[in-house]
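Here are some notes to read alongside the model, written for someone meeting it for the first time. Take the points in any order you like.

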Amino acid sequence: MTELWNGLVKAVELIISLDPEVMQIAGRSLMIAVSSTVIGSVICIPVASIIHFNRFRGKRFLVSLIQTFYSVPTVVIGLFVFVFLSNTGPLGGLGFLHTPVAIVIGQVILITPILLGLTISALSGVDRAILDTARSLGASGLQMAVLVVKEARFAVVAAVIMGFGRAISELGISLMVGGNIRGFTRVITTAISLETSKGDIELAMALGIILIFIALVVNIVMNRIQQR
Amino acid sequence: MPLIETRDLWQRRDGQDILKNINLRVERGEVFALIGPTGAGKTTLLRLIDMLDTPAAGKVFFDGADVNASEKVRLEMRRRISFVLQKPVVFNTSVYDNVACGLRWRGMGSKHIREEVEGILDTVGLTGYKHRNARTLSGGEVQRVAIARAIAVQPEVLLLDEPTANLDPVSASRIEELIADVIKRATIIVIMATHDMSQGQRLADRIGVLVDGEMVQSGGSREIFTLPRNRQVAEFVGMENIIDGVVISNEGEMAAIDINGRIIEAVTDFDVGEEVSVCMRPEDVTVALAKLSSSARNCLAGNITWTVSAGPLCRVEIDCGFPLVALVTIRSAEEMALKKGTQVYATFKAVSIHVIRRH
């Protein structure tokens, strides 16, 4: 119990004193998760619109499949990305393994189902009458899609924030394809894992508090959005 | 050439025919009202005209061209038409942006849009609401935004689906004034669906009556309201007295019709022996306590079976051998002390009777 209390006090000290190592790790984590979320959103929002606005065979199955992948284990994605990016893998020549780029690739794959699925749900929530109104006012297919995304913007933003939350809190991908290299690919989750195993509970707790703080901010933002 | 034409148009949903063989021609500058009870197919017809749905059979022509064309051509056609839905929805943005969206989608410049939108917001009385989120408006205001949005694009055809349904009387009359104003200003076709027949009468040049998916009658409002073609139309246009009888004589179109042993005279060309229905508006029946000396050919004695007040009027049912409904002013009803059991004389002219074939 004393160890826990001491750890907490030390952790608060590390945060308040803006300890360079803690700040660097937190900053890298944010940078990687934000990059993954931005790239994922740029790809997934248009793709979700295409899926939503087009009728095709197997659409329902596709949506179910996407939803199934919401909870795909991060280590499984880590494994696949590792196989692809390793020296003997098909993309080994790119030299991305054990770089932040590899983590971003893995995280984009991780959050794609969440972004796609939740964006499709968000777009489905838009009243049919909005579509009829837009069409009757002379909107083209693209103009209508843009309007519907705008109408569903709060739900779409919620999807993006969910994706970000999943990206920043994952461990498996960062560990397996990032390699937890100090000053290069070490992020909050990998650092917590390492410091705990080394017995440096204070540093691990400080990083844990920062992670929880980020999760708290994300939750507050999401609640705000959903209340609008 | 009519701007809007439908040929043998059918629509089907869940195995049921919602529209049956609709042939409609609407010329430029014409205001056409589609009247009919709820569920008659009015909205379905408007949606087909606006190309929002595809018909089960038949064709829609816009400016002489079949609308069953490529999506690009349909978009160009649709951009010449505006449709205000029955329950209008506004986009989750400002009133200004709602009204501007149709113009933006047509690629207009922002200066032109600003001038246009501001002018229209002034017309519909929403200038002060420009920056408000349209979702915060009341039902009447939303309807005005929807109409403003529809007319901003200067359509050649304006489709209105029950524009005053779901509104309080004050908002409804404001919207009606607005529509009348739009009709006056621009030479556009207005096709308006309404279940309020008097609204159709006030605004339209021509009326089509849609019952159970069929266009049972179309013509001028006077024709529809005084000369309904069949029982369904007669019922819908407020002919409360529809009484079955048989023509027993007809000399020079002045016919005598036997109704349950009582004879009434009516102007009609039906032949002797034909089974007919006699239609009469309750406001065409005069009620008096004594026999009136008037030019009216029909005067029947009877006892009142019930009375009920309806606003400034009193509705009276008289048993003259058959039930006959009359409308009198509340004041007259009070003066004559009309109540259940009072013996009265119901007087009506032979020309105020419209005779239709009995089905």
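1. A quick definition before we start: two strands are said to pair if DSSP finds at least two bridges between them. With that in hand, look at strands S6 and S7 of chain B, at residues 81-84 and 157-161: 4 bridges join the two, and they run parallel. One of the bridges to find is the one that links Ile81(B) to its partner in S7(B), Val157(B).

2. Please keep in mind that this is a predicted model. Chain A has a mean pLDDT of 91, with 99% of its residues at 70 or more. Chain B also averages 91, and there 100% of the residues score at least 70.

3. Where in chain A is the confidence lowest, and where is it highest, going by the mean pLDDT of its elements? Helix H1 of chain A (residues 2-16) has the lowest value, 82, while helix H5 of chain A (residues 100-124) has the highest, 96.

4. On to what chain A is made of. The C-alpha trace spans about 65 × 45 × 25 Å along its principal axes. Of the 228 residues in chain A, 46% are buried. Among contacts between residues at least 6 apart in sequence, 75% join residues at least 24 apart.

5. Is Phe213(A) buried or exposed? Its relative accessibility is 53%, and exposed means over 50%, so Phe213(A) counts as exposed. Asn223(A) is 10 residues away from Phe213(A) in sequence, and the two C-alpha atoms are 15 Å apart in space.

6. Chain B is built from 10 helices and 20 strands. Its C-alpha trace spans about 75 × 45 × 35 Å along the principal axes. Buried residues make up 52% of the 359 in chain B. Of the contacts in chain B with a separation of 6 or more, 65% are between residues 24 or more positions apart.

7. The accessible surface of chain B is about 16,300 Å², with 47% of it belonging to carbon and sulfur atoms. There are 43 positive and 47 negative side chains in chain B, and the centres of the two sets lie 6 Å apart.

8. Now for an open sheet in chain B: 4 strands in the order S2-S1-S4-S5, with antiparallel pairing. Which strands stand at the edges? They are S2 (16-26) and S5 (65-66); each has a single partner strand, so one side of each is left without a neighbour in the sheet. S1(B), residues 4-13, pairs with S2(B) in the antiparallel sense over 7 bridges. In that pairing, Arg12(B) has Asp17(B) of S2(B) as its bridge partner.

9. The loop between S1 and S2 of chain B holds Asp14(B). Most residues other than glycine have a negative phi. Asp14(B), though not a glycine, has a positive phi of about 50°. Asp14(B) counts as exposed, because its relative accessibility is 77%.

10. Asn260(B) also has a positive phi of about 50° without being a glycine. Look for Asn260(B) in the loop between strands S12 (254-259) and S13 (262-267) of chain B. Asn260(B) is exposed, with a relative accessible area of 62%.

11. Back to S6(B) for its side chains: Ile81(B) and Phe83(B) point one way from the strand, Ser82(B) and Val84(B) point the other way, and all are buried.

12. Last, find Asp97(B) in helix H3 of chain B, residues 95-105. Asp97(B) is partly exposed, with a relative accessible area of 25%. Arg149(B) is 52 residues from Asp97(B) along the chain, and their C-alpha atoms are separated by 9.3 Å.

Terms used
Residues numbered from 1 in each chain as written. Chains lettered and ligands numbered in written order. Predicted model: local features only at pLDDT ≥ 70, side-chain atom pairs only at ≥ 80, totals over all residues. Heavy atoms only, no water. Buried < 20%, exposed > 50% of the residue type's maximum accessible area, 1.4 Å probe, protein only. pLDDT = per-residue confidence, 0-100. Contact = heavy atoms within 4.5 Å. Areas by Shrake-Rupley, 256 points an atom, 1.4 Å probe, with all protein chains shown as cover. Lys, Arg positive; Asp, Glu negative; His and termini not counted. Charge placed at Lys NZ, Arg CZ, Asp CG, Glu CD.
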